[in-house]
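This report describes selected features of one protein chain. The sequence and the structure are shown first, and the description follows.

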Amino acid sequence: MGRLKFHERVGVQKLEWMAMNDERTCPVCGPLDGKIFPIDKFPQQPAHPHCRCTNLVAWPMSICGSDLSAQAAPKAAQGDACILPPHALEGMADAQAKENAKLKEAFEKGNADDLTALTVKQLQTLSKENGISIARTKVDFIKLLDQAEPGIDHSTLSGVGLKAKLKEHKIGLLRTKEDLIGLLVQKQAELKQAKLIAQQMSKLPPVEGLDEMTVLQLKKIVKNNGISLNMTKQETIELLDKLEPGINHTSLKGKELLAKKKQYGIGILKNKQQLVEALQKKAGADLAESAKKKAADEAKQLLVKKQKELVEKTAAGVQLPESPQDYTKFISQVSDAEKALASAKDLPQEVLAGHAKEIALKKQLFQEQMSKLNQTSRANGRNGLKSTVAKKQSHLLQKRKKNCRSHLLPPKPNRRPLFRKALNLKVPIRNGMKNQRLENSISQAK
């Protein structure tokens with residue numbers, strides 16, 4: 001795999017499979033001997049355990065995109081292997097350097113938005129460089145299955161049963177873009193915390209007397225501070241990073257980690273120097289925690305100050321309206337003040353209660369003002385109704401008087417046929433008074 005990366009880096013486009021071609025050549029490698037493959041489609045080597053095959057740069061080889069070629073290959077045919085020209089390699093190197101700088105900047109910021117702008121391939125490269133596996137673990141599979149089938153225990157699944165469930169729910173083997181972003185953000189937060197502890201430790205004066213203490217005395221102090229006497233995996237990896245700088249040891253585990261510990265003689269328990277470093281690290285962590293707590297307290301005090309200013313401003317802005325046109329403004333002011341009180345959860349209860357009482361009093365005065373206005377409007381409405389009714393009654397009374405006078409007057413010429421008809425047909429009239437008046441009129445007419 002390392003040779004393939006090297007060939008790809010220098011611009012080799014094609015490789016040739018080379019087998020041993022003796023009596024021990026297997027039927028897998030024999031047919032592949034002498035075949036040329038593009039470097040991105042080259043079969044896996046070794047092809048099987050104890051495989052003796054290797055690969056060579058394919059010949060003839062020329063500079064890609066140019067007629068220049070070596071004397072052994074005066075003219076390269078189309079599709080033959082070729083070496084990229086120097087300016088192309090420089091362009092590729094510059095592009096790779098820019099991409100690496102972009103990835104490094106996105107990772108160091110630790111911002112999820114910056115990481116979201118990267119592609120999945122870039123996130124996978126960044127994860128590998130920082131010791132994060134791009135493949136999902138069994139714990140990830142169990143967690144995803146629990147989400148897909150809630151209420152069912154999947155912790156006992158393994159082997160074929162687990163593969164069947166993963167296939168059923170279409171769960172891939174590689175982590176998604178969101179998973180990689182979350183792990184990278186978490187990794188960057190851990191690195192920032194470690195840098196903060198290191199900075200605080202550098203500010204600490206050297207602890208006097210630790211070097212002169214015996215191992216037993218140091219162990220007692222370590223136990224009292226809640227520090228383990230055993231070498232943890234993280235501490236072992238940090239020690240290996242110091243012994244082998246430039247190599248990523250975060251992926252070591254099991255036999256590989258044991259082999260490294262045996263190689264450098266790293267024991268199970270901490271030695272005297274490691275106990276001293278653990279105590280200094282604990283002191284630095286305590287100092288970093290106190291600094292973090294102090295920053296949090298200052299942020300909280302600033303938040304409380306802003307909340308107090310907002311509550312006081314909104315409460316003072318609630319003014320009783322002087323006219324009905326200001327009623328809407330008063331209701332809006334009360335709503336803003338109540339919202340400010342509800343959001344100011346960090347203020348003391350005494351302060352909140354005082355402002356709430358003030359706003360409640362203003363609301364009560366406003367309600368009393370509204371009730372007085374309603375009573376006045378109702379009284380004015382009743383007076384207006386009375387005057388209207390009186391006018392109607394007067395009008396009806398005048399109309400009735402007019403009708404009564406018309407019956408006492410002598411009949412007009414146009415009414416004579418009616419009187420004659422009433423006299424001849426003796427038409428009954430229900431109203432007694434009107435009947436008497438009609439008879440009197442008839443007698444006068446006779």
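In this predicted model, Q307 is found in helix 11, which spans residues 272-316. The relative accessibility of Q307 is 13%; because the limit for a buried residue is under 20%, Q307 counts as buried. Leaving aside residues up to four places away in sequence, Q307 touches S343, A344, K345, D346 and L347. One of these, L347, lies 40 residues from Q307 along the chain, and the C-alpha atoms of Q307 and L347 are separated by 7.4 Å.

S332 belongs to helix 12, residues 327-343. With a relative accessible area of 40%, S332 is partly exposed, since that class falls between the 20% and 50% limits. The two C-alpha separations are set out below.

| Residue pair | Separation along the chain | C-alpha distance |
|---|---|---|
| Q307 and L347 | 40 residues | 7.4 Å |
| S332 and V318 | 14 residues | 8.8 Å |

**Nonpolar cores**

The largest nonpolar core comprises 14 residues, and those with the most contacts inside it are L4, L15, W17, C29, F37, F42 and C53. A second, separate core has 13 residues, including V318, Y327, V334 and F366. For C53, the contacts beyond four places in sequence are with W17, M18, A19, C29 and Q45.

**Strands**

Strand 1 (residues 14-18) presents L15 and W17 on a covered face, while K14, E16 and M18 form the uncovered one. In a regular strand the side chains alternate between the two faces of the sheet. L15 and W17, on the covered face, are also among the residues with the most contacts inside the largest core.

Strand 1 pairs with strand 2 (residues 36-38) in the antiparallel sense over three bridges, and E16 stands opposite I36 of strand 2. Strand 1 also runs antiparallel to strand 3 (residues 54-57), to which four bridges join it. Within strand 3, N55 is the bridge partner of W17.

**Helix 9 and helix 10**

The crossing of helix 9 and helix 10 is left-handed. On the helix 9 side, K233, T236, L240 and L243 meet L257, K260, K261 and Y264 of helix 10.

How values were computed
Residues numbered from 1 in each chain as written. Predicted model: local features only at pLDDT ≥ 70, side-chain atom pairs only at ≥ 80, totals over all residues. Heavy atoms only, no water. Core = buried A, V, L, I, M, F, W, Y, C linked by side-chain atoms within 4.5 Å. Buried < 20%, exposed > 50% of the residue type's maximum accessible area, 1.4 Å probe, protein only. Contact = heavy atoms within 4.5 Å. Helix = DSSP H or I, 4+ residues; strand = E, 2+ residues; numbered from the N terminus. Pairing = 2+ DSSP bridges. Left-handed = near helix turned anticlockwise from the far one by under 90°.
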